Amino acid sequence: MDSGQFSGQIFNLVTIIYFVAMVLFFLYLAARNNTLGLIATLASFGGFIAHTAALGLRWYESYQVLGEDGRVPLTNLYESVVFFSWSIVLVYLLLDWKYKQRSVGAFVMPFALFSMVGAQMWLNADIDPLVPALQSNWLTYHVITCFLGYAGFAVACGVSIMYLMKIGKEEKHQGEKPMGGLLGLFPSTRILDDINYQAIMIGFPLMTLGIVTGAAWANYAWGTYWSWDPKETWSLIVWFIYAAFIHARFTRGWVGRRAAWLSILGFAATIFCYLGVNLVLSGLHSYGSA
Amino acid sequence: MTEKKDSYTDRIWDFFCSLKLTLFIMLLLALLSIIGTVLQQNAPAEEYIREYGQSYYELFVNLQFIDMYHSWWFIGLLGLFSVNLICCSIKNFPRVWKFVKEPMLVATPGTLKNSANRLEMNSKEEKEQLAERLSSFLGKEFAKTIRSESDGKIFLFAQKGIYSRFGAYMTHLSILIVMAGAVIGNIWGYKAYVNIAEGTSTNRVWAHSGQLPIDLDFTVYCEDFDISYYPGGNRPKDYNSNLVILENGKEILRKRIEVNDPLTYKGLTFYQSSYGSTGKPVFKVKVTVNKTGEAFNFNARQGEHIRLPNGHAFAVTSFTLNDRKFGPAMQLHVNTPDGKHGRPFIVWKNYPEIDVKRGGLFSFALIDHDDPQYTGLQVAKDPGVEVVWLGCILMVFGSLTAFFFSHRRLWVCLEDDGGRTKVQIVANAHRNQPGFSLAFDDLSEKLEATIENKSIVKEG
Ligand code: HEM
């Protein structure tokens, strides 16, 4: 089928904008120039607007390609990776708005960029019609909630990496005068730790909702809300890791280093749940292999 | 002796209440669950033996790795998880309940001094009057106040969002409800399947576990099965069955089901899951008695003997869609009245005149043929599913409440201080303190203005 959609060209443009934004964030860290930081954030925002428009356009195009069988652009691996990238930028922009910590962009935008590059280079962007099992509104709710949740975890992972980079230096760094160099521009470790937690608090309920909507869909389609297939099981594994993160924090005061490592572990499991299961293991959720 | 026993039970109780146990179980469940995603579950024995060898296969069987999510150790761990959850809730709930039943109306001196969010002022006004005004202000801007007096001081107390203290309990309860729903479904429900050919009906289904069919107390009739394809290919777009539920021969319910849109009757749900050919084609055959020219039409199933006039009979024995490029053709034979099979011959659908030339008592023509489909249905009986949904809804609301709302409290203390009134206001939130601090800064600006009895002029 014709894959030369106009939306595809906008997605290419978005990829370039995210690349530029990431480079600007790096330059901002290196040159300590606030104007660069502002431009980087604005570029991310501009890219996000274009990204949103292209998603809308792809939705519209699906009706041109498939007639009445058009559908939301959330139904194959390509579309889900593009949406994942969109969600990461959304969560990042929300946290940036709340915390005003520019430098976080340098560690979050790469996730969004890699997703876009991966999707544009290796995945099949054709708008194909849906097999009957995927013709369900539950699929839409399921994909949206899961990926917004994953995006929260991606941001948490990014700031955890920053935290670990900074805390090591900070403990060696003696004296009153503020830390210089790249790490000096990072938010304080206390704020990084807090953003880690906040991002997971956004991600966790959304992921819970994602698992619930997935179960509802499975129940309508196959008559079993839970069948322990690898995808379901891995989503439960991810859920347990973040539930442990939250409880360790609420009641046992696991903050700082241990929280950062747990957050990175959680995101590694998330990525495995998302891609690893499709590529390495097999199961019901095989739309990824299409 | 009794003392020792007490401490022993205490230790067990503490063990089951401990959050360390919770963390340990959560991470252990995460780790163990991986096994079943790497090792295929419930495959035939030969597959494991081929891939891993006999001795590993036996090890897997002994460790119950073949069906690990139903193994005693996995279920046991889930059980321990629930016990932990229940014990912890029993232990901590009274403390939370106390917040509701006996709110701390009077701030302790320590709270007044050390709160992160505090405001202290002096006023020339009488404390009674001031209390009045602050009370009505807080009622509008924060929450209704409760007034109390002690040691000649006036205290006001106001709180918001106390229900958020229950968020965690709601979530924990929801997890137990989901588990209960799953247990109910496992005990009183079953999963089965049934294939029904178009135009036929059934009153039994085949359980996935076990050999014997399960009898239904009603009949399912498949009136019609349809499949449509996307243009220019053989990708199925939709397949659906017209199902009719019959009881004592009377129609009760009818529905066109498709993937993602099942039919439910008497607690049983029928899901469209597959389809296929029954392999029993039906032929519309026109038979002409050569002598008289008299003609009859028959619907003949493959292999079925059909009576003809004067004691003869015929049967269609095989069929092909394309015989040597001549198109659809059937093979058939005619029986004599004494039951002897005649020699088989072939009739091509597109060339009826050939059979007229064959000679014999009758000539045959293939008018049409039909290959009935069967519809493949998954059948589920799950009386626990509503319980599971209830738990899920509670879980979503509970975790949102636990994470995004907080219990916020505010105390005012007014005391005489050498002809003036000393005003102390403190507040706290049990979660998201930074966010609350911002809100408090905003509120204290207005509080100051209220105490000074003037309307605030916002500068820049
Ligand atoms: C969506 C999932 C969950 C959420 C949002 C959640 C939330 C919470 C919260 C907010 C607390 C702190 C309570 C407080 O300090 O007042 C807590 C404590 C606790 N949670 Fe969970 N929880 C979840 C799942 C679980 C699960 C699956 C268990 C399994 C055993 C569990 C066991 C506990 C225990 C034992 C405590 C300690 C209670 C205490 O010390 O007050 N939680 N949980």
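This is a predicted model: local features need pLDDT of at least 70, side-chain atom pairs count only at pLDDT 80 or more; totals for chains, interfaces and linings use all residues.
Val282(B) has Arg301(B) as its bridge partner in strand S12 of chain B, and it stands opposite Asp370(B) in S17(B).

**Strand S11 and its partners**
- S11(B) runs antiparallel to strand S12 (residues 295-301) of chain B, and seven bridges join the two.
- Five residues lie between S11(B) and S12(B), which form a hairpin; in the turn, Gly293(B) has a positive phi of about 80 degrees.
- With strand S17 (residues 362-370) of chain B, S11(B) is joined by eight bridges, again in the antiparallel sense.

**The five-stranded sheet of chain B**
- Here you will find an open sheet with antiparallel pairing and the strand order S1-S20-S19-S3-S2.
- Strands S1 (117-123) and S2 (145-150) of chain B each have a single partner strand, so at these edges one side of each is left without a neighbour in the sheet.
- On average, neighbouring strands of this sheet are turned by 15 degrees against each other, direction ignored.
- Within the sheet, S3 (residues 153-160) and S19 (residues 408-417) of chain B pair over seven antiparallel bridges; Phe157(B) has Trp411(B) in S19(B) as its bridge partner.
- Helix H7 (residues 127-141) of chain B packs on the sheet and touches S1, S2, S3, S19 and S20 (420-429). The direction of H7 makes about 165 degrees with that of S19(B).

**Positive phi in two loops of chain B**
- Asn42(B) has a phi near 55 degrees, a positive value in a residue other than glycine. Its place is the loop between helix H2 (19-38) and helix H3 (45-52) of chain B, and Asn42(B) is exposed, with a relative accessible area of 52%.
- Lys325(B), also not a glycine, has a positive phi of about 65 degrees. Lys325(B) lies in the loop between strands S14 (313-320) and S15 (329-335) of chain B and is exposed, at 81% relative accessible area.

**A nonpolar patch on chain A**
- Ile16(A), Phe19(A), Val20(A), Val23(A) and Leu27(A) form a nonpolar surface patch, with about 410 Å² of accessible area together.
- Leu27(A) belongs to helix H1 (residues 6-31) of chain A and is partly exposed, with a relative accessible area of 42%.

Note on methods
Residues are numbered from 1 along each chain as its sequence is written. Chains are lettered from A and ligands numbered from 1 in the order in which they are written. Side-chain values use heavy atoms; hydrogens and water are left out. Two strands pair if DSSP finds at least two bridges between them. Helices (H or I, at least four residues) and strands (E, at least two) are DSSP runs, numbered from the N terminus. Axes are lines fitted to C-alpha atoms, for helices over the stretch in contact, and angles run from 0 to 180 degrees between N-to-C directions. Contact means heavy atoms within 4.5 Å. Patches are made of residues with over 30% relative accessible area and no salt bridge: like charges are joined within 9 Å, nonpolar side chains (Val, Leu, Ile, Met, Phe, Trp, Tyr) within 5 Å. Accessible areas come from the Shrake-Rupley method with a 1.4 Å probe; for residues, only the protein chains shown count as cover. A salt bridge is a side-chain nitrogen of Lys or Arg within 4 Å of a carboxyl oxygen of Asp or Glu. Buried means under 20% relative accessible area, exposed over 50%, partly exposed in between (1.4 Å probe, protein chains only).
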